[in-house]
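Good morning, and thank you for coming. I shall take you through one model, beginning with the fold and ending with the contacts between side chains.

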Amino acid sequence: MNGLSAYCTSNKNFYYNEQECLEALIESLGRKANNNSGPINIYRCDLCDGFHLTSKGDPHPMLSDQKVLDRINKVRQAFDWEKKWGRF
């Protein structure tokens with residue numbers, strides 16, 4: 001666990017490392033209905049030393065990478081099919 005707590009006093013979702021948080025960002029962007037709200041970046045928390053998603057600031061640089069944008073679209077398509085078939 002590298003000395004990290006599995007909980008943050010901010011009550012935000014906690015991610016142990018940057019990669020895990022980036023994956024959550026991609027998943028979140030793929031699941032939201034529009035591109036005008038929700039998380040766009042990540043940050044290291046001073047309270048828990050873990051990572052959190054944020055809707056503030058500039059979009060994460062990886063969001064300009066075409067491969068990442070393709071992954072987000074695939075998540076969005078899968079989520080749309082899950083909604084269509086009543087799984088969410």
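**Fold and side-chain contacts of the model**

The chain contains two helices and two strands. Read from the N terminus, these elements follow the order α-β-β-α. Helices here are DSSP runs of H or I with at least four residues, strands are runs of E with at least two, and both are numbered from the N terminus.

Let me state the conventions. This is a predicted model, in which local features need pLDDT of at least 70 and side-chain atom pairs count only at pLDDT 80 or more, while totals for chains, interfaces and linings use all residues. Residues are numbered from 1 along each chain as its sequence is written, and side-chain values use heavy atoms, with hydrogens and water left out.

As for confidence, pLDDT is the predictor's confidence in each residue, on a scale from 0 to 100. Its average over the chain is 87, and 86% of the residues score at least 70. Confidence is lowest in helix α2, residues 66-84, with a mean of 90, and highest in β1, at 96.

Next, the chain as a whole. Of its 88 residues, 33% count as buried. Buried means under 20% relative accessible area, exposed means over 50%, and partly exposed lies in between, with a 1.4 Å probe and protein chains only. The accessible surface comes to about 6200 Å², and carbon and sulfur atoms contribute 50% of it. These areas come from the Shrake-Rupley method with a 1.4 Å probe; for residues, only the protein chains shown count as cover. Among contacts with a separation of 6 or more, 51% are accounted for by residues 24 or more positions apart, a contact being heavy atoms within 4.5 Å.

I turn to the strands. Strand β1, residues 41-44, and strand β2, residues 51-54, run antiparallel and are joined by four bridges. Two strands are taken to pair if DSSP finds at least two bridges between them. Within this pairing, Ile42 has Leu53 in β2 as its bridge partner. The hairpin has six residues between the strands, and Asp49 takes a positive phi near 65° there.

Which residue joins Arg44 in a salt bridge? The partner is Asp49, with the closest N and O atoms 3.0 Å apart. A salt bridge here is a side-chain nitrogen of Lys or Arg within 4 Å of a carboxyl oxygen of Asp or Glu. Both partners are partly exposed: Arg44 has a relative accessible area of 44%, and Asp49 is at 40%.

Most residues other than glycine have a negative phi. Asp49 has a positive phi of about 65° although it is not a glycine. Asn11, also a residue other than glycine, has a positive phi near 65°. Asn11 is found in the segment before α1 and counts as exposed, at 61% relative accessibility.

By the rule I gave, the count comes to four salt bridges. One of them joins Glu23 to Arg71, whose closest N and O atoms are 2.6 Å apart. Glu23 lies in helix α1, residues 18-31, and Arg71 in helix α2, so this pair ties together parts that are 48 residues apart in sequence. Glu23 is partly exposed, with a relative accessible area of 31%, and Arg71 is partly exposed as well, at 38%.

A further salt bridge brings together the side chains of Glu82 and Arg31, at 3.7 Å from N to O. Because Glu82 lies in helix α2 and Arg31 in helix α1, the pair ties together parts that are 51 residues apart in sequence. Glu82 is partly exposed at 22%, and Arg31 is partly exposed at 30%. Salt bridges that share partners join Glu27, Arg31 and Glu82 into one network.

Finally, the aromatic residues. How many aromatic pairs does a search of the whole structure find? The search finds one. The pair consists of Phe14 and Tyr16 in an edge-to-face arrangement, 5.0 Å centre to centre and with 90° between the planes. By definition, rings of Phe, Tyr and Trp (its six-membered ring) pair if their centres lie within 6.5 Å; planes under 30 degrees apart count as stacked, over 60 as edge-to-face and the rest as tilted. Phe14 is buried, with a relative accessible area of 14%, whereas Tyr16 is partly exposed, at 33%.
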